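Hi everyone, thanks for making time. I'd like to walk you through one model today, so please have a look at the sequence and the structure first.

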Amino acid sequence: MSKNSTLTNRAACLLFFLFTINIVFTGKNLFADITSIDQATLGHLQSVLSAYKSVYSKLVKEDLKEIPDIAQKMMDAALQGTVTEPDGAVRRMMQHILQGAEELKNADCLHETQCAFTSITNALFKYFKSSPDQLKRNELKLYWCKKDGYYWLQPQNLAPVCPYVSNELSVCTEREEVKQ
């Protein structure tokens with residue numbers, strides 16, 4: 001891959017990240033009233049979260065081989081969520097997860113995989129911010145890297161490990177659990 005395309009990919013990823021963070025923190029109503037979720041969609045969300053945990057585990061190990069297959073499972077669950085959920089905030093969340101899972105499936109390198117993972121995390125972020133009890137129910141914790149500004153969800157029984165660290169020069173030493 002050429003240096004220019006790598007820079008272009010990173011710039012696009014950064015712009016997407018800044019856009020989604022802007023939406024999350026400015027309170028735009030992309031996911032307004034996200035606490036109301038259809039029971040059928042809740043089952044699909046559980047499948048999305050199971051796949052998300054698997055992707056997280058693979059990312060911290062930098063093992064990308066199985067991620068496209070896991071992403072396909074996430075895509076299938078998110079697609080079903082868009083079908084079962086009436087039009088509204090939760091449906092838009094599932095559409096964003098579907099888009100991120102497609103990017104995850106098609107990622108060609110660690111950096112693209114991390115960008116897609118960020119997209120999915122940002123889609124889930126507002127849901128867990130508005131329904132903090134769901135973190136505990138799903139046995140998850142929400143973490144934030146103070147240095148780079150990335151969020152991620154991870155199983156609550158694990159010590160915090162940043163999935164965005166990809167080399168010796170990038171060290172996430174300032175992690176913090178996001179308290180609800």
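Quick housekeeping before that. This is a predicted model, so local features need pLDDT of at least 70 and side-chain atom pairs count only at pLDDT 80 or more, while totals for chains, interfaces and linings use all residues. Residues are numbered from 1 along each chain as its sequence is written, and side-chain values use heavy atoms, with hydrogens and water left out.

Okay, helix α4. Helices here are DSSP runs of H or I with at least four residues, strands are runs of E with at least two, and both are numbered from the N terminus.

Which residues of α4 are buried? I'm calling a residue buried under 20% relative accessible area, exposed over 50%, and partly exposed in between, with a 1.4 Å probe and protein chains only. On that basis the buried ones are Ala-89, Val-90, Met-93, Met-94, Ile-97, Leu-98, Gly-100, Ala-101 and Leu-104. Contact, throughout, means heavy atoms within 4.5 Å.

That leads us into the core. A nonpolar core is a set of buried Ala, Val, Leu, Ile, Met, Phe, Trp, Tyr and Cys residues joined through side-chain atoms within 4.5 Å. The largest one has 43 residues, and Met-74, Ile-97, Leu-124 and Trp-152 have the most contacts inside it. Two or more residues each come from α2, α3, α4, α5, β1 and β2, with α5 giving the most, at nine residues.

Let's zoom in on Met-74. Leaving out residues up to four places away in sequence, Met-74 touches Val-48, Ala-51, Tyr-52, Val-55, Ile-97, Ala-101 and Ile-120. Another one to click on is Leu-49, over in helix α2. Leu-49 and Asn-138 sit 89 residues apart in sequence, yet their C-alpha atoms are 8.2 Å apart.

Now the rings. Rings of Phe, Tyr and Trp (its six-membered ring) pair if their centres lie within 6.5 Å; planes under 30 degrees apart are stacked, over 60 edge-to-face, and the rest tilted. That gives eight aromatic pairs. One of them is Tyr-127 with Phe-128, edge-to-face, at 5.1 Å centre to centre and 70° between the planes. Both Tyr-127 and Phe-128 are buried. Then there's a stacked pair, Tyr-150 and Tyr-164, at 4.3 Å and 20°. Tyr-150 is in the loop between β1 (140-145) and β2 (151-155), and Tyr-164 is in the loop between β2 and β3 (175-177), so the pair ties together parts that are 14 residues apart in sequence. Tyr-150 is partly exposed at 24%, whereas Tyr-164 is buried at 6%. Ring pairs also link Tyr-52, Phe-117, Tyr-143, Tyr-150, Trp-152 and Tyr-164 into a cluster.

Last stop, charges. How many salt bridges are there? With a side-chain nitrogen of Lys or Arg within 4 Å of a carboxyl oxygen of Asp or Glu as the criterion, the whole structure has four. Arg-137 pairs with Asp-133, N to O 3.0 Å, and both lie in helix α6 (residues 132-137), four residues apart, about one turn. Arg-137 is exposed at 59% and Asp-133 partly exposed at 40%.

Elsewhere, shared partners join Lys-58, Asp-63, Lys-65 and Glu-66 into one network. Lys-58 lies in helix α2 and is buried, at 16%. Lys-58 meets Asp-63 at 3.6 Å, and Lys-65 reaches Asp-63 at 3.8 Å. Lys-65, at 68%, counts as exposed. That's my tour; over to you.
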